[in-house]
Amino acid sequence: MLDPAFVRDNPELVEARLRSRGIDPSSDLATLAGLESARRRLLPQVEGLKRDQNAAGQAVARAKKAGEDPSGVFAENKARGGRIKGLEAELATIDEQRDALLLTLPNLPHETVPVGASAADNTEVRKWGTPGEFSFTPKPHWDLGVALGILDFERATRMSGARFAVLMGAGARLERALINFMLDIHTVEHGYCEVEPPFLVNRQALTGTGNLPKFEDDLFKIAGDWDLFLIPTAEVPLTNLHREEILDGRLLPLKYVAYTPCFRSEAGSYGADVRGLIRQHQFDKVELVKFATPEQSHDELEQLTRNAETILERLGLPYRRMLLCTGDMGFASAKTYDIEVWLPSQNTYREISSCSNTESFQARRAQIRFRPDGAGKAQLAHTLNGSGLAVGRTLIAILENYQQENGSVVVPEALRSYMRGLEVITPAA
């Protein structure tokens, strides 16, 4: 959530940065300005009446001490108390309206983010690896996996509907190998603390990360009296680990990693991405989340992104890092790098991880604070998140980049110990 004081004091800057994200915030900002004006009118009245109430209390004490009748002062106090109660109720309503509106506004882009309208305006930061050359026409993963007997979309559709998949045999083992490989690298080498969080979270948790109230249609809600949702990403429970807590700033940054299944309805998705494993309603992901000070957070974003890139390098998968423009960033992000892996069948790079610094946007919603030296005034922390990596998309990249002309797939050397020594996936594997 944006800082209401910052919005109040910098209306032109806030409007310009929100417009750079492709939205017209003028109506919302005008409403916020009106609410802020009402707050500034009511606050002095409440404070003045409370001062009068305190002074009247002292007058009652003096009257009693002097043996005088304080009933007149009591009557004034009662009437004044009623006015205070009424004004405080008005203030509470204004604050609720202000906060509800602020919850619908996206984060402000960091000053280093390029201004642009769409993915076409993103900036390439770096590339790693050279896409392989094939002496044959490379197949898409949905053909490769089915032919190998490791992917089954037809049976998944019969039991669950479109955009689900069943992984079989070596495919299921490869998915599990990737999960364990990623967790081992991130915990042992990169120093993240592994967490197994709940896969169901409440409305407050999703509001804290920015998924609610704006994106409820993209979530799977549990039926009945449960006010719970299936997690769209482990970012949600990991970020909420420290909701409404004050952290010791001397311990920051805190670094967490979790494997979870993820669930997204993504009602607006369409086109080529709904074929195969690219955009499923249920998918596996290893997620990285950090809590940092404002001074640390952008350096930590660079490190988090490198941590995710390391996985692709160990697997020998060509990729590029893209700095997203203002019009292509996620709702909560102040700055995002997308890591895109090479897919031969599409002859292009496709997103496999988004690494974002949300600065204090999520921390303000979830009230995650820290004391710089373990003491003193608490400040809002900065939160960061990134896929380290999306497991299904990594499996796609392996199938397509390591495919052979006979339809088999070579297992990357880094994964063979996780695959019980299996070197090549064939229909008989």
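Trainee: How many helices and strands does the secondary structure of the protein chain come to?
Mentor: Both kinds of element occur in this predicted model. The protein chain comes to twelve helices and 17 strands.

Trainee: What does the C-alpha trace span along its principal axes?
Mentor: Take the trace of the protein chain along its principal axes. The spans are about 105 × 45 × 40 Å.

Trainee: What share of the residues in the protein chain is buried?
Mentor: The cut-off for buried is under 20% relative accessible area. The chain has 429 residues. Buried residues make up 49%.

Trainee: Among contacts between residues at least 6 apart in sequence, what share joins residues at least 24 apart?
Mentor: A contact needs heavy atoms within 4.5 Å. Of the contacts in question, the share joining residues at least 24 apart is 73%.

Trainee: How far apart are the mean positions of the positive and negative charges?
Mentor: The protein chain carries 50 positive and 58 negative charges.

Trainee: Which strand gives the most to the lining of the largest cavity?
Mentor: The structure holds one cavity of 30 Å³ or more. Its lining includes Ile 278, Val 341, Arg 350 and Ile 396. Two or more residues each come from strand 11 (335–343), strand 12 (348–359) and helix 12 (391–401). With three residues, the top contributor is strand 12.

Trainee: What volume does that largest cavity have?
Mentor: Leu 343, Glu 351, Ile 352 and Arg 393 are also among the residues that line it. The volume is about 30 Å³.

Trainee: Which residues lie nearest the centre of the second largest pocket?
Mentor: This pocket holds about 340 Å³ of space. Helix 6 (153–160), strand 3 (166–167), helix 7 (170–189) and strand 9 (282–292) each supply at least two lining residues. The lining has 15 residues. Nearest the centre are Ala 165, Leu 167, Glu 175, Gln 282 and Asp 284.

Trainee: Why does Gly 421 count as partly exposed?
Mentor: Gly 421 sits in the loop between strand 16 (409–410) and strand 17 (424–425). Partly exposed runs between the buried limit, under 20%, and the exposed limit, over 50%. Gly 421 falls in that range because its relative accessibility is 44%.

Trainee: What distance separates the C-alpha atoms of Gly 421 and Ala 363?
Mentor: Along the chain, Gly 421 and Ala 363 are 58 residues apart.

Methods. Residues are numbered from 1 along each chain as its sequence is written. This is a predicted model: local features need pLDDT of at least 70, side-chain atom pairs count only at pLDDT 80 or more; totals for chains, interfaces and linings use all residues. Side-chain values use heavy atoms; hydrogens and water are left out. Helices (H or I, at least four residues) and strands (E, at least two) are DSSP runs, numbered from the N terminus. Buried means under 20% relative accessible area, exposed over 50%, partly exposed in between (1.4 Å probe, protein chains only). Lys and Arg count as positive and Asp and Glu as negative; His and the chain ends are not counted. The place of a charge is taken as NZ of Lys, CZ of Arg, CG of Asp or CD of Glu. On a 1 Å grid over the protein atoms alone, a cavity is a set of points where a 1.4 Å probe fits but cannot get out, and a pocket is an open set with protein on both sides within 12 Å along at least five of seven lines; lining residues have an atom within 4 Å of a point. Grid points are joined across faces, edges and corners, and a volume is the space filled by probe spheres set on the points.
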